[in-house]
Amino acid sequence: MNNLIDNTIQFVKEKLEGAEAGHDWFHIERVWKLSKKIAEKEVCNVEVVELSALLHDIADPKFHNGDETLALKISREFLESQNTPENIIEQVVFVIKNISFKNRGEAPENLPVELKIVQDADRIDAIGAIGIGRTFNFGGFKNNPMYDPNIQPSLNMSKEEYKRSNGTTINHFYEKLLLLKDLMNTSEGKKIAEERHNFMLGFLDQFYKEWNVD
């Protein structure tokens, strides 16, 4: 493994120490491994993929008063400190800027394959058993109700509404998680997402059965 990747791993681990459990080093590690797995099936710059995956949540706006520029600044400064070529830095910063679900309406056309790969990996980590665990963890972190039959999911939210949303954890499945399967970019991403999507549907069926004491 090259030194730059090693140094980036070390940097991210230190930076995210004590982070909320759904957005901690282990989330980054899973997205990094998924990115490498998807990249094996694509023609791409693997170094850009790995660096982008490792740095994509270095300063998630959710935990920094909605600041979407901080992650770009931190990533650029770190990569410059490692004497990374400017063309690599620009590609990594582009991925970090355009990866998120809430920004999907603002992303440019013809996305580079490196962004498609890391975006798929990040979205895959938001679904399936891990996704369910992360969703309830974050709901608990925000003290949102698990479920309230009187609160309907809010579909087609604007970016600002999505950022402000404090709905129920179960509604988050309908507002985001169940939409991700159809947003996959790569064939490998689609394959992995399909299985995890079906697992979530089974979980929701069971959840409602238990909630309604069937």
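Predicted model: local features only at pLDDT ≥ 70, side-chain atom pairs only at ≥ 80, totals over all residues.

Modeller: Residues are numbered from 1 along each chain as its sequence is written, and side-chain values use heavy atoms, with hydrogens and water left out.

Biologist: Why is Thr-135 called buried?

Modeller: Buried means under 20% relative accessible area, exposed over 50%, partly exposed in between (1.4 Å probe, protein chains only). Thr-135 has 9%, so it counts as buried. Its place is in helix α7 (residues 128–141). Helices are DSSP runs of H or I, at least four residues, numbered from the N terminus.

Biologist: What does Thr-135 touch, not counting residues up to four places away in sequence?

Modeller: Thr-135 touches Thr-169, His-172, Phe-173 and Leu-177. Contact means heavy atoms within 4.5 Å.

Biologist: What makes Glu-188 and Lys-41 a salt bridge?

Modeller: The rule asks for a side-chain nitrogen of Lys or Arg within 4 Å of a carboxyl oxygen of Asp or Glu. Glu-188 and Lys-41 are at 3.0 Å, N to O. Glu-188 lies in helix α10 (residues 187–211) and Lys-41 in the loop between α2 (25–39) and α3 (46–55), so the pair ties together parts that are 147 residues apart in sequence. Glu-188 is buried, at 7% relative accessibility.

Biologist: Where do Glu-77 and Lys-73 lie?

Modeller: Both are in helix α4 (residues 70–81), four residues apart, about one turn of the helix. An α-helix has 3.6 residues a turn, so residues three or four places apart point the same way. The side chains of Glu-77 and Lys-73 meet in a salt bridge at 3.4 Å, N to O. Glu-77 has 44% relative accessibility, so it counts as partly exposed.

Biologist: Which residues are linked with Asp-125 in a network of salt bridges?

Modeller: Arg-30 and Arg-134. The Asp-125 to Arg-134 bridge is 3.5 Å, N to O. Asp-125 is buried at 1%, and Arg-134 is buried at 14%. By this rule the count comes to nine salt bridges.

Biologist: How do you know that the span of helix α6 agrees with its number of residues?

Modeller: The expected span is 1.5 Å times one less than the number of residues. For the 12 residues of α6 (residues 113–124) that gives 16 Å, and the end C-alpha atoms are 16 Å apart, so the two agree.

Biologist: What makes α6 mostly covered?

Modeller: In α6, 10 of its 12 residues are buried, among them Leu-115, Ile-117 and Val-118. The buried residues pack against α2, α3, α5 (86–98) and α10.

Terms used
Helix = DSSP H or I, 4+ residues; strand = E, 2+ residues; numbered from the N terminus.
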